[in-house]
Amino acid sequence: MAINRVMVIGAGQMGAGIAQVFAQNQFEVKLNDLAEDALTKGLSGIEKRLDRAVEKGKLSEQDKSQAWQNLSGTTDMNDAGACDLVIEAVVENMDVKTKLFKQLDDIVPAHTILATNTSSLPITEIAAATTRPSQVIGMHFMNPVPVMKLVEIIRALQTSDETYQVIEDTAKKVNKSPVEVNDFPGFVSNRVLMPMINEAIYTVYEGVASPEDVDTVMKLGTNHPMGPLTLADFIGLDTCLYIMEVLHDGFGDSKYRPCPLLRKYVKAGWIGKKSGRGFYSYEQ
Ligand code: CAA
Ligand code: NAD
């Protein structure tokens, strides 16, 4: 099956990045968000990144125009009715995602594949909310999407081999390196990464070191490009907390308990770079 038209739902940091890479690789892309202002912000972020790539000589003016022509924004989810693939990138919450997948299942044609960019939630449960579970799959891009090569492709229990193959081929067409993963909480990436971030938060909570010093230790001592607290702010502390809760509930193991300081920051609305404050301040 050929994928030509793609809808990306959620124009936040992940959705906008996913829409950008598809538009740059000759797919016709519709970027959707509930909120008009989030959609405008997502589209203007893409435009800025394309402009910067042209300025740096990494993209031709012609390729930029082509990518921009391939892309359009919409707040009407019914536009998914013309798409071969829908990639969902809304908030990391099972109720929101299953409700959305049920709506999409009614809108899209019979051949359409429904993919989720969830960081940790069970794909099997999302697939079961639809009447097409064999055409539901996890397509987990990494942040920032235009830069990071990996896409974890997660099979639900019900995902067909044909759906898997189409999604693997599609990931290669957008210049990503796919890795096949089975459906367990946090998959591979966040099962390994998020407990490290949570432990870094514990070291601050227990007064072992300041956020700056924890980050310096991990950057200079273990060659991480960003320290774990900078990375947590970059991912979004709300998303980090959701992922820890999925690991904790999914495995029933106390080693995944979210740090109380993480909960406190999220309750305060200090959810990282996107809110202007997290472990660090981003207010100009
Ligand atoms: N969006 C798009 N492009 C970005 C970007 C962003 N937010 N931030 C940086 N870039 C691009 C820059 O434009 C630049 O591109 P060119 O080389 O083409 O000019 C390139 O990235 C390098 O940028 P900088 O020189 O400004 O900065 P850097 O060298 O410090 O790299 C970084 C920035 C790539 C983000 C690097 O710090 C890094 O790799 N950090 C770790 C990222 C990571 O671990 N991501 C995974 C998060 S976990 C996840 O995604 C899964 C989940 O479910 C939570
Ligand atoms: P975000 O908060 O930046 O963006 C989410 C967007 O979804 C918002 O613009 C919001 O208005 C929109 N939205 C919410 N409900 C909607 C609905 N029903 N219909 C349409 N739009 C809706 O979040 P994000 O960081 O981009 O994360 C999105 C998803 O990607 C989550 O599942 C997250 O776990 C996953 N993810 C995040 C990262 C990361 O580093 N942040 C990495 C990989 C995967």
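**Notebook: two ligands in a predicted model**

I began with ligand 1 and found that helix H7 (189-205) and helix H9 (228-235) each give at least two residues to its shell.

Next I looked up who sits around ligand 1. There are 17 residues around ligand 1, and Lys56, Ser119, His140, Asn143 and Asn190 come nearest. I sorted the shell by class and got 10 nonpolar, four polar and three charged residues.

Where does ligand 1 lie relative to domain 1 (5-182) and domain 2 (190-274)? Both domains give residues to the shell, so ligand 1 lies between them.

Then I checked polar contacts of ligand 1. A polar side-chain atom of Ser119 is 2.7 Å from a ligand 1 oxygen. For the side chain of Asn190, I noted an N or O atom 2.8 Å from an oxygen of ligand 1. Lys58 has a side-chain N or O atom at 3.0 Å from a ligand 1 oxygen. On its own ligand 1 has 1000 Å² of accessible area, and the protein covers 62% of that.

On to ligand 2. I found 22 residues around ligand 2, with Asp33, Glu92, Lys97, Ser119 and Ile235 nearest. Helix H1 (13-23) and strand S6 (136-141) each supply at least two shell residues. The shell holds eight nonpolar, 10 polar and four charged residues, and domain 1 (5-182) and domain 2 (190-274) each provide at least three.

Which side-chain atom pairs did I note here? An N or O atom in the Asp33 side chain is 2.7 Å from an oxygen of ligand 2, and a polar side-chain atom of Lys97 is 2.8 Å from a ligand 2 oxygen. Taken alone, ligand 2 exposes 850 Å², and the protein buries 85% of that.

Conventions. Residues are numbered from 1 along each chain as its sequence is written. Chains are lettered from A and ligands numbered from 1 in the order in which they are written. This is a predicted model: local features need pLDDT of at least 70, side-chain atom pairs count only at pLDDT 80 or more; totals for chains, interfaces and linings use all residues. Side-chain values use heavy atoms; hydrogens and water are left out. A residue is near a molecule or strand if one of its heavy atoms lies within 4 Å of it. A polar contact is a pair of N or O atoms within 3.5 Å; within protein, one must be able to donate a hydrogen and the other to accept it, and residues adjacent in sequence count only if both atoms are side-chain atoms. Accessible areas come from the Shrake-Rupley method with a 1.4 Å probe; for residues, only the protein chains shown count as cover. Helices (H or I, at least four residues) and strands (E, at least two) are DSSP runs, numbered from the N terminus. Ala, Val, Leu, Ile, Met, Phe, Trp, Tyr, Cys and Pro count as nonpolar, Asp, Glu, Lys and Arg as charged, and the others, Gly among them, as polar. Domain bounds come from an automatic or database domain assignment.
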